[in-house]
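Reader: I am new to this structure and would like to learn how to read its features. Could you take me through them with care?

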Amino acid sequence: MDFTFTEEQTMSAQALGELLGDVCTGADLRALADGTLAGGAGRWQRLAAIGLPGALGPESAGGMGLTEADFVLLAEETGRAALPEPLVAHAGVAVPMLAELAAAGVSGGVPEALERAVSGAACVVVAHPLEDYIAGVDTAELALAGAGVGQVALCRRDELRLLPQASLDPLQPLVRITLPAGRESLLPGAPQVAEGLWRRARMRTMVFAAAQMLGLAARMVGIAVSYAGERRQFGRPIGANQAIKHHLATVQVKLEFARPVVYAAAAMLADAFQAGGPAAALPPLVEARVLQAKLAAADAADLAARTAIQVHGAIGYSWELDLQFYAKRAWALAALNGNRNQMQRRIQELLFGGGIETGPDRLFTN
Amino acid sequence: MKLGFTLAEEAFRHECAAWLEEQLSGPFRAIRGVTGLVACVEQRLEWERALGRARWSVIGWPARYGGRDASLAEQVIFAEEYARAGAPGRMGHLGVELAGPTILQFGTDAQRERFLPKIAAGEEFWCQGYSEPNAGSDLASVRTRARLEHGPDGDEWVIDGQKTWTSLAQFAQWIFVVCRSEEGSRGPAGLSYLLVPMQQKGVTIRPIRQITGEEEFNEIFFDGARTRAGYCVGRPGDGWKVAMGTLAFERGVSTLAQQMRFRNEFDQLVAAARANGTARDPLIRQRIAEAWIGLRIMRYSALRMLSGGREGALPPEALTYKIYWASWRRRLGELAMDVLGPAGEIARAEPYEFDDLPRMFLASRSDTIYAGTNEIQRNIIAERALGLPREPRGDR
Ligand SMILES: Cc1cc2nc3c(=O)[nH]c(=O)nc-3n(C[C@H](O)[C@H](O)[C@H](O)COP(=O)(O)OP(=O)(O)OC[C@H]3O[C@@H](n4cnc5c(N)ncnc54)[C@H](O)[C@@H]3O)c2cc1C
């Protein structure tokens with residue numbers, strides 16, 4: 001048992017962090033939100049150049065063959081930068097789903113799509129059949145979708161009926177998607193496999209949302225800490241007041257206690273996915289860990305947002321501060337793909353008759 | 001203690017309810033239920049004039065200035081009926097709730113005659129010039145300067161400096177400005193409270209956008225702006241006392257109307273939870289029940305606080321009121337988002353306009369900041385109500 005990341009894992013996260021520090025600054029986000037800069041195509045190319053779109057793609061398809069446990073730190077970095085492009089949905093969810101379809105022997109354009117997705121030539125998003133709103137559709141060329149969880153379809157964006165919605169996160173417009181009528185499933189006659197694939201996609205979406213929220217929370221704490229050191233009232237930095245210090249320290253505690261939960265969930269998910277194929281049932285405890293990760297990270301990010309705004313005073317409430325971009329991304333990630341109450345309700349179900357055993361000898365078995 | 005209302009008071013309730021219903025189902029139908037701070041401005045300004053004409057604008061004021069000398073109970077009743085009828089947020093609230101009461105208490109007769117009737121009639125609107133870029137919580141460090149200049153048409157104050165976060169300045173004819181009138185003075189000493197016309201060459205406004213997307217507050221630049229020597233409230237140099245008096249009004253009767261708005265927001269939240277089924281979720285039900293309890297506590301506390309106070313001087317329990325409501329509403333905003341789920345992430349209209357509940361969530365991020373931050377409120381409670389030693393302060 002070892003709760004650390006390898007040097008390779010931390011170094012690639014650091015490299016991504018540095019790249020995003022260059023190409024995804026607060027000023028870049030603002031330019032995008034104000035519409036003074038069209039798109040971020042250059043940014044996607046930079047990410048593709050270091051192979052990120054194919055991070056979880058199989059090596060046979062040109063990917064890096066990484067696992068969820070490797071990707072979690074990368075997702076955290078994209079969160080820290082509030083990256084507008086759907087790298088996490090693409091690399092963390094769509095590519096592994098395409099790979100799983102390919103491994104199941106599905107043709108129908110899947111191997112070609114996988115190859116183009118791994119290289120980053122085509123951006124793919126995942127439209128879970130039970131989700132009303134999907135982010136990142138504007139940059140995507142393809143979408144994995146389904147009329148229900150019993151089927152999976154691969155659609156070009158121009159085949160879908162899209163209803164774009166202005167959304168709370170100004171950098172990630174949400175879209176309501178309707179499939180073209182009569183679309184065939186890629187897995188005819190195998191609804192259980194389709195269901196398994198959607199379940200896996202959802203688990204990945206949640207654990208990587210959790211990772212992004214860790215990054216966002218850390219970013220917001222960082223912004224607030226530096227402001228608290230600069231802003232002076234009553235003749236001294238506001239950060240010299242215990243009230244401010246304690247606020248920020250409280251967020252830090254929440255954040256540090258959310259981290260291992262998220263990392264462990266990613267590692268457990270990787271192990272569980274390797275142990276069984278898409279049709280295999282997901283152990284209840286693994287699911288619970290993923291839910292718990294999203295809950296813990298959402299709580300930390302929510303508190304970070306609320307605290308960072310508070311520490312800034314009125315300027316924290318203004319559009320002119322970049323802080324709002326990070327706060328709004330955190331709120332969106334917390335609300336989408338299962339919000340706080342849905343997580344808690346599902347954990348309750350799993351605990352009471354859902355397959356998680358309780359009792360003194362059970363508490364600390366993985 | 002008497003918590004119910006008398007027959008006469010119930011008759012008064014009937015009278016206001018009838019008038020509100022007639023207006024809001026008739027000429028002001030279009031703005032019924034409007035809660036946006038800068039929405040439907042023209043119609044809401046007209047609404048202020050209608051309130052004024054019917055003498056419903058400032059019922060607690062003396063009749064000679066356009067009020068009705070209404071009792072506390074009557075003001076409670078009016079606030080309740082106003083909210084129940086879905087009447088729109090008051091565009092005039094900074095004049096009605098802050099400038100007016102301050103002038104009434106601290107002003108000269110001439111100032112009262114000049115300003116109060118216009119506020120009551122909805123003919124002149126006000127904004128609050130306290131905060132500056134470097135003077136937020138530490139209001140006493142304001143740097144905007146005023147000097148008295150002798151002129152052929154009488155003496156005038158000449159004002160230079162900058163204010164910021166000034167709500168609704170774009171619709172105001174007047175601003176009350178806390179500024180430094182004694183050169184070289186520091187802290188609360190040497191400040192004056194001036195009433196300054198907005199429409200003049202020396203005043204420039206730049207709107208500031210909020211995280212809600214609305215442009216409700218502004219920056220204001222004073223560059224040789226002028227006002228009459230007689231438009232100083234309180235003695236020159238005594239502005240701090242007046243400025244603090246205004247803050248007390250902010251925590252006073254105006255909280256009644258605010259509570260009723262909260263009541264409407266709470267009802268909307270419950271309706272949303274019923275509509276999308278989250279009302280069946282025990283976790284949501286529990287938080288809704290907590291919010292309801294909090295609202296009741298707020299109401300009793302406000303009534304106790306207002307009953308016990310003398311004019312302008314609220315009892316000590318008033319010190320605890322701001323942090324309570326601000327924290328309550330901030331939580332209500334978070335609950336609203338958990339009730340709405342993904343639907344709360346969606347804007348109602350391009351480019352960035354939200355339905356009431358998501359907007360309330362965003363707006364409630366500011367409740368714990370304006371009118372004294374939560375941290376400052378806690379310091380006040382600890383130091384003034386409990387008498388704990390004062391925090392060390394640096395050199396300003
Ligand atoms: C929506 C909105 C509308 C507003 N409208 C108006 C208006 O119309 N007119 C007007 O004049 N102003 C207005 N304001 C400004 C408001 O009064 C100030 O925001 C408030 O006084 C806080 O000042 P600040 O924003 O500069 O924050 P700062 O004073 O810089 O405070 C930053 C943080 O430091 C904390 N802090 C500061 N000092 C201490 C201390 N000694 N101990 C512990 N913590 C401390 C604060 O609590 C806060 O968390 C408005 C603000 C908002 C958000």
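Author: Let us begin with charge, where Lys and Arg count as positive and Asp and Glu as negative, while His and the chain ends are not counted, and where a charge is placed at NZ of Lys, CZ of Arg, CG of Asp or CD of Glu. In chain B there are 51 positive and 51 negative side chains, and the centres of the two sets lie 3 Å apart. This is a predicted model, in which local features need pLDDT of at least 70 and side-chain atom pairs count only at pLDDT 80 or more, whereas totals for chains, interfaces and linings use all residues. Residues are numbered from 1 along each chain as its sequence is written, chains are lettered from A and ligands numbered from 1 in the order in which they are written, and side-chain values use heavy atoms, with hydrogens and water left out.

Reader: What share of the residues of chain B count as buried?

Author: A residue is buried under 20% relative accessible area, exposed over 50% and partly exposed in between, using a 1.4 Å probe and protein chains only. Of the 396 residues of chain B, 54% are buried.

Reader: How many aromatic pairs are there over all chains?

Author: Rings of Phe, Tyr and Trp (its six-membered ring) pair if their centres lie within 6.5 Å, and planes under 30 degrees apart count as stacked, over 60 as edge-to-face and the rest as tilted. The count over all chains is 25 aromatic pairs. One of them is the stacked pair of B:Trp56 and B:Phe78, at 5.3 Å centre to centre with 0° between the planes. B:Trp56 is buried, with a relative accessible area of 3%, and B:Phe78 is buried at 8%.
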